Amino acid sequence: MTAGDLNGDAKTDLVVTNVANSGNSNPGSPLIADLDGNGKMDVVVTDADNYNVAVFLGNGDGTLQAPNTYATE
């Protein structure tokens, strides 16, 4: 779990990960940061079982776009 302002209202929002229903994912703790420099907070999550990093770009209103997944292996 991590906290940050995802929707720009100056209040803290929480991001929590959980194991996927299919059981083939082991997400790590999320990270909130403005990764693309557009002033909107984005979320990054690692997947230890699949050696991937998922980047969810923020829309600035508290919602996130579908993840872009990158292999780390």
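The exercises below concern a predicted model.

**Exercise 1.** Determine how many helices and how many strands the chain has, and which pattern the chain follows along the sequence.

*Solution.* Step 1: the chain contains zero helices and six strands. Step 2: reading along the sequence accordingly gives the pattern β-β-β-β-β-β.

**Exercise 2.** Explain why the chain is as compact as a globular protein of its length.

*Solution.* Step 1: the radius of gyration of the chain is 12 Å. Step 2: for 73 residues the globule rule gives 11 Å. Step 3: the two values are close, so the chain is as compact as a globular protein of that length. Along its principal axes, the C-alpha trace spans about 35 × 20 × 15 Å.

**Exercise 3.** Describe the order and the pairing of the strands in the open sheet, and identify the strands at its edges.

*Solution.* Step 1: the open sheet has four strands in the order E3-E4-E5-E6, and their pairing is antiparallel. Step 2: strand E3 (31-33) and strand E6 (68-71) each have a single partner strand, so they stand at the edges and one side of each lacks a neighbour in the sheet. Step 3: from one strand to the next, the twist averages 25°.

**Exercise 4.** State over how many bridges strands E5 and E6 pair, and find the bridge partner of Ala 54.

*Solution.* Step 1: strand E5 (residues 52-56) pairs with E6 in the antiparallel sense over four bridges. Step 2: the bridge partner of Ala 54 is Thr 69 in E6.

Methods. Residues are numbered from 1 along each chain as its sequence is written. This is a predicted model: local features need pLDDT of at least 70, side-chain atom pairs count only at pLDDT 80 or more; totals for chains, interfaces and linings use all residues. Side-chain values use heavy atoms; hydrogens and water are left out. Two strands pair if DSSP finds at least two bridges between them. Helices (H or I, at least four residues) and strands (E, at least two) are DSSP runs, numbered from the N terminus. Axes are lines fitted to C-alpha atoms, for helices over the stretch in contact, and angles run from 0 to 180 degrees between N-to-C directions. The radius of gyration is taken over C-alpha atoms; the globule rule is 2.2 Å times the number of residues to the power 0.38.
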